[in-house]
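Notebook open, structure loaded. I want to go through the chain contacts, then the cores, then a few residues and charged pairs.

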Amino acid sequence: MKAVTGHRLFWPAAVLVVMLLANLVVTPGFFSIQVRNGHLYGSLIDILLLGSPLMLVALGMTVVIATGGIDLSVGAVVAISGALACYLISGQEDQGAVSGVLVAVALALVLSAVLGFWNGLFVARVGIQPIIATLILMVAGRGVAQLITSGKNINVNSPPYKLIGGGYWLTLPFAVIVVAVVVALTGLAVRRTALGMLLEAIGGNAEASRLVGIRSRRLIVLAYTFCGVCAGIAGLMISSNISTADGNNAGLWMELDAILAVVIGGTALTGGRFTLAGTVLGALVIQTLSTTIYTTGVPPQVTLVFKAVVVAIVCLIQSPAFRAKVFRRRARPAAPPPASPAAADVEVNA
Amino acid sequence: MPGAVLEMIGVSKGFPGVRALADVDFRLFPGEIHALMGENGAGKSTLIKVLTGVHAADAGEVRLGGDRVSVTGPQHAQTLGISTVYQEVNLCPNLTVAENVFIGREPSKAGAIRWREIRRRAAELLTRFHVDVDPGVRLGACSLAIQQLVAIVRAVDISAKVLILDEPTSSLDRDEVEQLFTVMRRLRDDGVAILFVSHFLDQVYEVSDRMTVLRNGRLVGEFPTADLSRIDLVGHMTGRMLSTLEQLHVPEETARVQAEPVLKAQGVGRRGSIAPFDLEIHPGEVVGLAGLLGSGRTEAVRLMFGADVADSGTVALGGKPVSLRGPNIAIDHGVAFCPENRKSEGLIEDLTVGENIVLALQAANGWLRPLSQAKRQELVGRYMTALRINPADPDMPARNLSGGNQQKVLLARWLITQPKLLILDEPTRGIDVGAKAEIQKLVVSLAEDGVAVLFVSAELEEVLRISHKIEVLRDRRLIAEIGNIGSVTPEGILEIIANGTTS
Amino acid sequence: MTTLGMRGPVRIRREHAAVLVTFGLLVAMFAAGSIVYPGFGSGQVVVDLFIDNGFLLVIAIGMTFVILTGGIDLSVGAVAALSAMLCAFLLEQWHWPVAAVLPLVLLVGIGFGFGMGYVIHHFEIQPFIATLAGMFLARGLCFVISIDQISITNPFFTEWAQTRIPLGEETNLTPTVLIGLAVLAGAFWTLHYTRFGRAVYAIGGSAQSALLMGLPVARTRIGAYMVSGLCSSLGGLLFAFYTISASGLHEVGTELDAIAAVVIGGTLLTGGSGYVVGTALGVMLLGTIQTMLRFQGTLSSWWTRIAIGVLLLLFILLQRLLGSSRTRR
């Protein structure tokens, strides 16, 4: 039993399961999945689809947080990426041309990568605190997005582009497939190469990493660049789903949701050990929360109150000072033991 | 002589597994500078912490002005008249000198701080102590010495009976130390009792009137400085009496035919940490660095690895001149370094034992060329067995290992890279006897295989047992190089440390 | 060492340098605007800067306290919006008297600050995360009160909104401006002439040292967040005065503007160095950029954000430059 509860993915998974079950009680048909027109439909599929952008952004954020950093600019990058892609597509004579869409998507992703690279340079080369360094792009980025769209919402009518965030492929939403592929590739990249270990080393102990000869700067720049690309893909999905680039609202507050997803997933904000699977679970918890509130008829804006409660609980439980002060009178410490050997092994091989 | 202003009688203090202070008596008189001497772990800092109320004594009593007191914390100590100034200046660098002297007790009228009054009084105080600094200057812009003096001025102005100076001179250069001593002497003449802790023997002899020597948590004795020779002091501190002052025979450099040196440093130094020195290490040679704590051993080896960057001199690795701007460059040339501070600079506690072991090799390979799972298991398994790392579980978080096993993990990490030069800073400190012997044996066998080893240890026997050549440091200066032939004894090295005989 | 200019009676300290740069930039931009755009260089434009940005000034002043301790407060915009919502709701739906509503709303702001400060200090939660939770909570509570905008018809508010205090022949002040200036003066006095204010600086310089020097670190740090909460609340009320309405969508992103104003005003984000006067200049600078874009007419509003970003970049680099030479011994 202890091996199960001690696993680092136990709590985020448990929270997710409880939330899903609660939905099932309220809405009996919640788990039903139907096939219509060769597409899968159902609340669970909706959660996956609507949660796709957040899963991607949180994925990038996880890697940055593993190095002991943070990226506040992801929401702005989401807006910029969608804006650029839609701007390029709307300028084409045939918006439905696959080649044109591919070029637009490629350029949007390149720009996202450049923005992430810029953040990385500020953190690793200029040596500015990550919160401050990425704040610059967070402030300016939304302006850049609106600059691209000239302040208007750009509507596109492009079936190939629509596929990215709203289409289906092999009966599944295309976005979900993209997320699955990106998560799998990232998992392979960090766990099959030495990348994950070296990132964890940097976040776990920067000075020791320097003395062991890890070239931290490059890896940190790489992490921020990757985070930028993830936010870029998420931006494509969001704008594709509604066939509109909205420089003002696309990805608004997404950085905060992403950080939240990472923390709920069990990766500490201080850096070091990270878990991609946990982050995916964390993002799904947030999306399920939003969906649940939506289906119960509470105004969606009120979701924020629940999020605040979740952030507070998760952070307080993670805080050693809180545990020491509140659980002081308990006979035994309530803290779960550090990841068991079995759990660590799963992480290494995951 | 007037009565002691501060007295400790039969004070004991234990921590789980350690007896830090055992039945220690200590007296401090007004108008004296009293040095507290002892090696690392002798109980100096515990004694200071009991005096300032950080720790409560298990037994014994503290008397202030003849009355028994129980100090509950640094704040309480200060109100009683015991102030402490640490090596790390505990002031705010962003505030002015004047404000640092008065913050928290600013003179005010109708709720408003009277700045003119603060500046005037600060200027007065600084003049009185001959501290030459404009009170309106930001503290962070001042030299460390001035910052320390400002801390002293603040402490003395709050309460002027007892002043404890814990390693105040560690980061100061010669002139700054003089400046500090001038102020200390002035305070002494005003009747303040000063407790001075320093690793620098010269400084202790220069400024102190009396000294108390501790060893292994016990009182060795209380001596007037003028009556205690340096040899005797070092003897008291280390527990080895140098009864016979035989002239040490410094042997000539061993005339072995030797290959190209693995490392050749000329005039390498770094201001404020170690004076320029020369050093040569050949393949298969173990070079030991001996000296008291704070003598510059760690500082010297860090320069050889590029952990700190030297500001003078040249280094050649394998005959080629190299600019050691960072650890990467040293590692690329086959240098490995196990730092003194295992937890903060060596081990990555989040990672598993196996990951920690392959980290250096993997870092050198780059992230794109991961070791295969099989290769990794083979290497980790081989070195965990060879070094007898216990428990033999490569997937355990490294934080759960004991000190000795953590040290072995760090050794394994570097041995995997097959270094040409292995730098070990205090590899046997704080680990059990068995592990210690294993590590010493390992060093010897590595040298037999042709690896050059630069070995730092506070234990002279250990240095003597395994080194071919010994470099002696004192007061951040390399003062002697001795070939380790049969006639060299720990006592001989201690004598060099004490008297500063330069070869 | 410590002076950039000459030694002597007029000394230019390094920590003043950033404020002076901001001031110089403000003057230069204003001069440029006056030359290029007719009517720009009038007293009313200056006053309008204060009228249009009075609420931001007040909020940014509160933010300055928090940043000086080395923290950050992301909740300011949300707390401001919540204050306005609560005020509008109590006045319009429950018809409470103004004299009861205003103090209550300010107390709610202070309470938010206390809660976040308490969690940050005693449970050692990063300020960023704790105030993020505060932001979510306050923003969410806005929508719990009402999803829609609430118009304020209370006569006290509508009269205040129309009150103009003549200043010279063609220039008029609003009470908002006076409140903003009073808060500025009060903040300056608090930071420079009270022990609380000096302890704020000391904590930002080194919390560890402040503790060892016997300063009340817990009280001071929590106090700084309470000041920020109070200022946010007051800023929200000023915004309600300005628009005679309240909405959960008001002041989204105000926290970023406030942080930007503080940084551009020369306060170090790491704490311990900076001035509220600089913050005021920072707010004015942001306002001037907006005014210039308005006068320009063809440039669009999003250039404001980009300009703020560029300014932020420049000032962070400037701080880095000044900071790196500062640590030299």
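This is a predicted model: local features need pLDDT of at least 70, side-chain atom pairs count only at pLDDT 80 or more; totals for chains, interfaces and linings use all residues.

**Entry 1: chain C against chain A**

I started with charges and counted 0 salt bridges between chain C and chain A; a salt bridge here is a side-chain nitrogen of Lys or Arg within 4 Å of a carboxyl oxygen of Asp or Glu. Residues are numbered from 1 along each chain as its sequence is written, chains are lettered from A and ligands numbered from 1 in the order in which they are written, and side-chain values use heavy atoms, with hydrogens and water left out.

For polar contacts I got 1 residue pair across the interface of chain C and chain A, both at pLDDT 80 or more. (A polar contact is a pair of N or O atoms within 3.5 Å; within protein, one must be able to donate a hydrogen and the other to accept it, and residues adjacent in sequence count only if both atoms are side-chain atoms.)

Which elements of chain C give two or more residues to the side that touches chain A? I found α4 (98–122), α5 (127–145), α11 (254–264) and α13 (302–326) of chain C, and α5(C) gives the most, with 12 residues. Helices are DSSP runs of H or I, at least four residues, and strands are runs of E, at least two, numbered from the N terminus. I sorted that side of chain C into 26 nonpolar, 5 polar and 4 charged residues. For that sorting, Ala, Val, Leu, Ile, Met, Phe, Trp, Tyr, Cys and Pro count as nonpolar, Asp, Glu, Lys and Arg as charged, and the others, Gly among them, as polar.

Next, the totals: 35 residues of chain C are in contact (heavy atoms within 4.5 Å) with 43 residues of chain A. The two chains bury about 3500 Å², and carbon and sulfur atoms give 85% of that. Buried area is the accessible area (1.4 Å probe) that two parts lose on being put together, summed over both. C:Phe123, C:Phe136 and C:Trp302 supply 20% of the area that chain C buries against chain A, more than any other three residues.

I followed C:Phe136 across to A:Asp257, which is also in contact with A:Leu54, A:Ile286 and A:Lys307, leaving aside neighbours within four places in sequence. A:Asp257 is in helix α12 (residues 254–265) of chain A. Is A:Asp257 buried or exposed? It is buried, at a relative accessible area of 14%; buried means under 20%, exposed over 50%, partly exposed in between (1.4 Å probe, protein chains only).

**Entry 2: chain C against chain B**

Here I counted 2 salt bridges and 8 residue pairs in polar contact. One of the bridges joins C:Arg198 to B:Glu99, with the closest N and O atoms 2.4 Å apart. α8(C) brings the largest share of the side of chain C that touches chain B, 6 residues. That side divides into 8 nonpolar, 11 polar and 9 charged residues. The buried area is about 2300 Å², 52% of it on carbon and sulfur atoms.

**Entry 3: cores**

I looked up the nonpolar cores: sets of buried Ala, Val, Leu, Ile, Met, Phe, Trp, Tyr and Cys residues joined through side-chain atoms within 4.5 Å. The largest has 364 residues, and those with the most contacts inside it include A:Tyr161, B:Met304 and B:Leu454. Another core, of 26 residues, lies apart from it, with B:Ile48 and B:Val162 among them.

**Entry 4: around helix α7 of chain B**

B:Val204 sits in helix α7 (residues 201–207) of chain B and is buried at 0% relative accessibility. I listed its contacts beyond four places in sequence, including B:Ala35, B:Phe196 and B:Thr225. B:Asp202 meets B:Arg230 in a salt bridge (2.6 Å, N to O). That pair links distant parts of the chain, helix α7 and helix α8 (residues 230–238) of chain B, 28 residues apart.

**Entry 5: more charged pairs**

I searched the whole structure and got 35 salt bridges over all chains. A:Glu207 bridges to A:Arg210 at 3.3 Å. They are separated by about one helical turn because they are 3 residues apart in helix α10 (residues 206–211) of chain A.
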